[in-house]
Amino acid sequence: MDSDGLIEIAARLLKNKEVDVIIGYKNGNLPYTTRPAFIKAPEETDELIFNRFSRINLAGYIKEFRGKKVGIFAKGCDARSINMLVVEKQIDRKSVYIIGLPCPMMLDNSRLKEVFPYPKEIDISDGRIVLRDENRTVELEFNEYVDKTCARCNHRNPVIYDILLGEPVVEKEKDYDKLLGGFLNMDPEKRWELFERELVKCIRCYGCRQICPTCYCDECFVDCNKPKWLDKGVEKSDILFWHIGRIYHQAGRCVDCGSCSFVCPVGIDFSPYLLYMEYVVKNNFNYEPGIKIDEPPPLQTFKKDDPQEFIL
């Protein structure tokens, strides 16, 4: 993506006072990273970039600017999260100017760091990644280092936007049988063993909650004292209760942006559980989160003919 186009639009929106702030990306302090940028003046827009490391879903930051008109960069997952926030009446669609960006697929920065921790140059073209410093050059196949969340994404183009930059990309359907592998056919005891083995690594930093656009409660149940649902600390029962609660809260709401797994400092992969919830909701209610701005998620509605077999 040509950053000049982004900068031009962001500067125009701020100069004309069409928005009060632009939420986008700027370079991080380390290679293979970007970080959220909150730009309030046209002369600051030169910092804005969009590249294959613009990984974080920005939609969750909109609520920090309630009462202001916000311009925001939105990939496919960001746009769907914005839709969910509108549907759940957390933000007003009229207060958000969406700069849609077809996602070129993000790269897995952790794997790249293992190959070449501190490159001076990163060139990506013609299906190759070229990493260089003063002493060596390394060439890699692009497809082998695509972030696994992006590799399975079936909505790379924003479903909602005010302006779209770049040409729409080709999308594909999700193959849940392939993605979930044996998880779909695994008996409950084996699923629990997998869940327990992965989740007990948690150190209760709540990074997954903080980065999630649809974890927006003023008081999370894990912080509630009246009633007190669970203790702080890292007792296994408390850890598992916390994650079961958060994952179920995401049923029919998670857009599979993968931000929770991306920021986890101990490397927990939440995708099998969130993908399974997505699969159940889609199969039983024919619903995909964030696709339609006027369609509430299944757990916020009731129909007499709602299927119940999956919970019996």
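Residues are numbered from 1 along each chain as its sequence is written, and side-chain values use heavy atoms, with hydrogens and water left out. Because the model is predicted, local features need pLDDT of at least 70 and side-chain atom pairs count only at pLDDT 80 or more, whereas totals for chains, interfaces and linings use all residues.

The description begins with the sheets. Helices (H or I, at least four residues) and strands (E, at least two) are DSSP runs numbered from the N terminus, and two strands pair if DSSP finds at least two bridges between them. Five strands form an open sheet in the order S2-S1-S3-S4-S8, with mixed pairing. Its edges are S2 and strand S8 (163–164), each of which pairs on one side only. S1 and S2 run antiparallel and are joined by six bridges; within this pair, Gly24 stands opposite Ala37 in S2.

Strand S5 (residues 121–125) pairs with S6 in the antiparallel sense over five bridges, and Ser125 faces Arg128 in S6 as its opposite residue. Two residues lie between S5 and S6 in their hairpin, and Asp126 in that turn has a positive phi of about 50°. S6 also pairs with S7, again antiparallel and over five bridges. Here Arg132 stands opposite Thr137 in S7, and the hairpin joining S6 to S7 runs through four residues.

The next topic is the interior. A nonpolar core is a set of buried Ala, Val, Leu, Ile, Met, Phe, Trp, Tyr and Cys residues joined through side-chain atoms within 4.5 Å; buried means under 20% relative accessible area, exposed over 50%, and partly exposed in between, with a 1.4 Å probe and protein chains only. The largest such core has 53 residues, of which Ile22, Ile72, Phe73, Ile82 and Ile99 touch the most other members. Elements that each supply at least two residues of this core include helix H1 (3–15), strand S1 (21–27), helix H2 (76–87) and strand S4 (96–100). H1 gives the largest share, six residues. A second, separate core of 27 residues includes Leu199, Cys254, Cys260 and Phe270.

Contact means heavy atoms within 4.5 Å. Leaving aside neighbours within four places in sequence, Ile82 is in contact with Ala59, Ile62, Ile72, Ala74, Ile91 and Ile98.

His243 is found in helix H8 (residues 236–249) and counts as buried because its relative accessible area is 1%. Apart from neighbours within four places in sequence, His243 is in contact with Phe195, Leu199, Cys202, Cys208 and Phe270. Lys40 lies in the loop between strand S2 (34–39) and strand S3 (70–74) and counts as exposed because its relative accessible area is 53%. With neighbours within four places in sequence again left aside, Lys40 is in contact with Leu14, Asp20, Val21 and Phe65.

Finally, H8 also contributes to a pocket. On a 1 Å grid over the protein atoms alone, a pocket is an open set of points where a 1.4 Å probe fits, with protein on both sides within 12 Å along at least five of seven lines; lining residues have an atom within 4 Å of a point. The second largest pocket is lined by 29 residues, of which Arg209, Thr214, Cys215, Tyr216 and Cys217 lie nearest its centre. The elements giving two or more residues to this lining are helix H7 (207–211) and H8, and the largest share, four residues, comes from H8.
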